[in-house]
Amino acid sequence: MEVGVTMTTAFFMPMKKVPTITHQQKQDTVINDKPVFYEPDELKAARAKLMAHLGQHVPNRAYVGPVRVIVKWCFPIKGKHEDGEYKTTKPDIDNSQKLLFDCMTDLRFWKDDALVVSLVAEKFWASLPGIYIKIEEL
């Protein structure tokens with residue numbers, strides 16, 4: 001790699017239905033008097049969808065140092081909302097990031113999502129739904 005050249009990855013994943021289920025929605029049950037956590041089918045489906053879309057954009061090499069990530073969640077317009085209007089309803093933006101980052105870690109976008117030291121996350125109503133992601137090496 002050239003000295004002074006920073007790595008950047010940016011892409012948009014169009015999706016008719018942007019996942020709204022969050023990592024927070026894992027469930028638990030008790031087996032042999034011990035709690036066991038599991039993913040409900042809806043969470044498994046969201047993970048599989050994200051993995052399929054993200055898999056097309058994995059960088060040639062994983063990020064190994066600190067990164068800034070910009071994520072723009074673009075949800076299909078409903079009701080009287082306008083294109084580009086901020087979405088102030090669920091899912092909560094902080095909960096949405098966990099599943100996304102777990103998938104990105106599994107696909108080796110980076111060594112570990114602890115490398116994300118700066119995060120800008122926004123959610124909008126959009127005529128073209130999907131997720132925009134930009135990763136910048138710092």
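Colleague: In what order do the four strands form the open sheet?

Modeller: In this predicted model, the pairing of the sheet is mixed. The edge strands, each pairing on one side only, are β1 (8-14) and β5 (116-126). Direction ignored, neighbouring strands are turned by 10° against each other on average. The order of the open sheet is β1-β6-β4-β5.

Colleague: How many bridges pair β1 with β6, and in which sense?

Modeller: Individual bridge partners place the two strands side by side: methionine 13 is partnered in β6 by isoleucine 131, and phenylalanine 11 by isoleucine 133. Proline 14 stands opposite glycine 130 in β6. Strand β6 covers residues 130-137, and the pairing with β1 is antiparallel over seven bridges.

Colleague: What pattern do the helices and strands follow along the sequence?

Modeller: The protein has two helices and six strands. Of the contacts with a separation of 6 or more, 85% are between residues 24 or more positions apart. Of the 138 residues, 40% count as buried. Read along the sequence, the pattern is β-β-β-α-β-α-β-β.

Colleague: What is the volume of the largest pocket?

Modeller: The lining is formed by Lys16, Lys17, Val18, Thr20, Phe75, Pro76, Lys78, Lys87, Thr89, Lys90, Pro91 and Trp125. These residues divide into five nonpolar, two polar and five charged. The volume of the largest pocket is about 150 Å³.

Colleague: Which residues line the largest cavity?

Modeller: Rolling a probe the size of a water molecule over the atoms shows where empty space is left. Throughout the structure, one cavity of 30 Å³ or more is found, and the largest cavity has a volume of about 40 Å³. Its lining divides into five nonpolar residues, one polar and no charged. The lining residues are Pro19, Ile21, Leu50, Trp73, Ser96 and Leu99.

Colleague: Is the peptide bond from lysine 90 to proline 91 cis or trans?

Modeller: Proline 91 lies in the loop between β4 and α2, and both Lys90 and Pro91 belong to the lining of the largest pocket. Most residues other than glycine have a negative phi, and most peptide bonds are trans. Omega of the bond from lysine 90 to proline 91 is near 10°, and the bond is cis.

Colleague: Why does arginine 108 count as exposed?

Modeller: Arginine 108 is found in the loop between α2 and β5. Its phi is near 70°, a positive value in a residue other than glycine. Exposed means over 50% relative accessible area. Arginine 108 counts as exposed because its relative accessibility is 59%.

Colleague: Which residues does glycine 84 touch, not counting those up to four places away in sequence?

Modeller: Glycine 84 is located in the loop between β4 and α2. At 44% relative accessibility, glycine 84 counts as partly exposed. Its C-alpha atom is separated by 8.2 Å from that of cysteine 74, ten residues apart along the chain. The residues that glycine 84 touches are Phe124 and Trp125.

Technical notes: Residues numbered from 1 in each chain as written. Predicted model: local features only at pLDDT ≥ 70, side-chain atom pairs only at ≥ 80, totals over all residues. Heavy atoms only, no water. Pairing = 2+ DSSP bridges. Axes fitted to C-alpha atoms, helices over the stretch in contact; angles between N-to-C directions. 1 Å grid on protein atoms, 1.4 Å probe; cavity = no way out; pocket = protein on both sides within 12 Å on 5 of 7 lines; lining within 4 Å. Points joined across faces, edges and corners; volume = space filled by probe spheres on them. Nonpolar A, V, L, I, M, F, W, Y, C, P; charged D, E, K, R; others polar. Buried < 20%, exposed > 50% of the residue type's maximum accessible area, 1.4 Å probe, protein only. Contact = heavy atoms within 4.5 Å.
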